Amino acid sequence: LLTGASGTGKTTIARLIGKHFHAETTDCDAAEHTGVDDIRQMKEIADFRSMTGTGNKLILIDECHALTQNAWKALLKILEEPPSHLFFALCTTEFAKVPDTIVQRCYHVVLRPVHIKTIEDLIDMVVKNERWKIPGNVLSMVADAATGQPRKALALLQAAVDVESPEELQRVIELQEASGAVLDIARVFVKQPDWETVKRLFPRISDDDFDRASGALGRYILTVMLKSDEKQ
C-alpha cells in the first residue's frame, strides 16, 4: 500500500516493485473501475500465471480509495489468500478511505513531498541531459511551484521549454495548481471537443477548486486562441 500526495512516485515505485519480483504488471485505475465486477475480472486475470519469465504477476490498483465497499470486500478475499505468483500494489492519495481490514494486510509505504534541493538537482540533471537553455529564474519558478512533487516538477519543466516568457509559465503553474484534471479538459477542448471525455474528467475537480479551476480553464483556452490568431 503506497500512500501520499499526487506526483510523489507511488505508481513508479509500484512498477519498480514489480520488476524486483520479475512480475508482469497489470494496471487498473480504480477511479474508472470501482465495482465488484471489476475486482472479479481482476481475480480471473490473477488466477493464471504470466506466460513469460517467472510467471509472477503484479496488479497495480491506482486511486484505490475510489473502490466501492463491495469491491473492497471482494478484494479482501483475494488479499487474505493470494496465490504464490500474485502481488498487489495499492496506490492512493486518500489513505483515510482505505478500510482498516485492507491496511492490516498490506506493507504500508508513506511517500512524502521531496525536499526542494532534491527537486532542484532533478531539474538540473534533466536540463543538462536534454541540453535545454532555460533561464535560472525560470528554473527557480519550476522548483518552487513543484511543491515537492517530482512529477509536477518534470511537467512544469517541459512547459518551461515550450512557453515564451516567465509570465506564460506562471499561467501554466496557476492552471496546474487549480487541478490536474483542468489541464486535461483544456487539452480536450483545444484539440477537439469530446463531451464524453470531459464528463469523465469533470468529477476529478473538487468543489474547493471549482472557481479557481474554471477561471484557469478559461484563461488557458483564451491564450491558445490568441496564439492561433497571431500565427494566422
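In the predicted model, helices H2 and H3 cross in the right-handed sense. Helix H2 spans residues 36–46, and its axis comes within 8 Å of that of H3, at a crossing angle of roughly 20°. Angles under 35 degrees count as roughly parallel, and H2 and H3 are therefore roughly parallel to each other. On the H2 side the contact is made by Val 36, Ile 39 and Lys 43, and on the H3 side by Asn 70, Ala 71, Ala 74, Leu 75 and Ile 78. By class, 6 residues of this contact are nonpolar, 1 is polar and 1 is charged.

The crossing of H6 and H7 is right-handed. Val 138, Leu 139, Val 142 and Ala 145 of H6 make the contact with Lys 152, Ala 153, Leu 156, Leu 157 and Ala 160 of H7. The contact of H6 with H7 comprises 8 nonpolar residues and 1 charged residue, with no polar residue.

The strands were examined next. An open sheet is built from 5 strands with parallel pairing, in the order S2-S3-S4-S1-S5. Strand S2 (24–29) and strand S5 (109–111) lie at the edges, each pairing on one side only. From one strand to the next, the twist averages 20°. Strand S1, residues 2–4, is paired with strand S4, residues 86–92, in the parallel sense over 2 bridges. Within this pair, Thr 3 stands opposite Thr 92 of S4.

Helix H1 (residues 10–20) packs on the sheet and touches S1, S2, S3, S4 and S5. The direction of H1 makes about 170° with that of strand S3, which covers residues 57–62. Helix H3 (residues 69–80), the partner of H2 in the crossing described above, lies across S3 and S4 and runs at about 140° to S4.

Thr 11 is a residue of helix H1. Leaving aside residues up to four places away in sequence, Thr 11 touches Leu 60, Asp 62 and Cys 91. Thr 11 and Leu 90 are 79 residues apart along the chain, and their C-alpha atoms are separated by 8.7 Å.

How values were computed. Residues numbered from 1 in each chain as written. Predicted model: local features only at pLDDT ≥ 70, side-chain atom pairs only at ≥ 80, totals over all residues. Heavy atoms only, no water. Pairing = 2+ DSSP bridges. Helix = DSSP H or I, 4+ residues; strand = E, 2+ residues; numbered from the N terminus. Axes fitted to C-alpha atoms, helices over the stretch in contact; angles between N-to-C directions. Contact = heavy atoms within 4.5 Å. Parallel < 35°, antiparallel > 145°, perpendicular 65-115°, else oblique. Left-handed = near helix turned anticlockwise from the far one by under 90°. Nonpolar A, V, L, I, M, F, W, Y, C, P; charged D, E, K, R; others polar.
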